[in-house]
Amino acid sequence: MCRTYTRAGLFWSGTVAVTAAVVCFAIGQAGAAFQLLQFAFGAWAAALQIPPRR
């Protein structure tokens, strides 16, 4: 499993959410897809707030 308190973990979680959203759109579940996209962009925004490891 990924660590969601790391930048890589948050980017990975966002990417998985976008992939799931594409599948939801394909099967006609636009509401679920929209929520997944909101989560993805939130995860990516949170990842950008974490300072890079040195």
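Phenylalanine 41 is exposed, with a relative accessible area of 52%; exposed means over 50%, buried under 20%, and partly exposed in between, with a 1.4 Å probe and protein chains only. I begin with this residue and then turn to the whole chain.

Colleagues, the model before you is predicted, so local features need pLDDT of at least 70 and side-chain atom pairs count only at pLDDT 80 or more, while totals for chains, interfaces and linings use all residues. Residues are numbered from 1 along each chain as its sequence is written, and side-chain values use heavy atoms, with hydrogens and water left out.

What partner does phenylalanine 41 have in its aromatic pair? The structure holds one aromatic pair, and phenylalanine 41 forms it with tryptophan 44. The ring centres are 5.5 Å apart and the planes stand at 75°, an edge-to-face arrangement. By definition, rings of Phe, Tyr and Trp (its six-membered ring) pair if their centres lie within 6.5 Å; planes under 30 degrees apart count as stacked, over 60 as edge-to-face and the rest as tilted. Both residues belong to helix H2, three residues apart, or about one turn of the helix. An α-helix has 3.6 residues a turn, so residues three or four places apart point the same way. Tryptophan 44, at a relative accessible area of 23%, is partly exposed.

Let me now describe the protein as a whole. It contains two helices and zero strands; helices (H or I, at least four residues) and strands (E, at least two) are DSSP runs, numbered from the N terminus. Along the principal axes, the C-alpha atoms fill a box of roughly 45 × 20 × 10 Å. Of the 54 residues, 20% count as buried. The protein exposes about 4100 Å², and carbon and sulfur atoms supply 67% of that area; accessible areas come from the Shrake-Rupley method with a 1.4 Å probe, and for residues, only the protein chains shown count as cover.

I turn to helix H1. Its 20 residues should span 28 Å at 1.5 Å a residue, and its end C-alpha atoms, 29 Å apart, agree with this; the expected span is 1.5 Å times one less than the number of residues. Buried in H1 are Gly9, Leu10, Ser13, Gly14, Ala17, Ala21 and Cys24. These residues cover an arc of only 130° around the axis and therefore lie on the same side of H1; the arc is that of the directions from the helix axis to the C-beta atoms. The face turned away from that buried side carries the exposed residues Ala8, Val22 and Ala26. After H1 comes glycine 28, with a positive phi near 90°.

Helix H2 covers residues 30-49. Its buried residues include Ala33, Ala40, Ala43 and Ala47. Their arc around the axis is only 85°, which puts them on the same side of H2. On the face turned away from the buried side are the exposed residues Phe34, Gln35, Phe41 and Gln49.

What covers the buried residues of H2? The cover includes helix H1 (7-26), and the cover over the buried residues of H1 in turn includes H2. Valine 16, in helix H1, is partly exposed at 41% relative accessibility. From valine 16 to leucine 36 there are 20 residues in sequence and 9.2 Å in space, C-alpha to C-alpha. Finally, among contacts (heavy atoms within 4.5 Å) between residues at least 6 apart in sequence, 50% join residues at least 24 apart.
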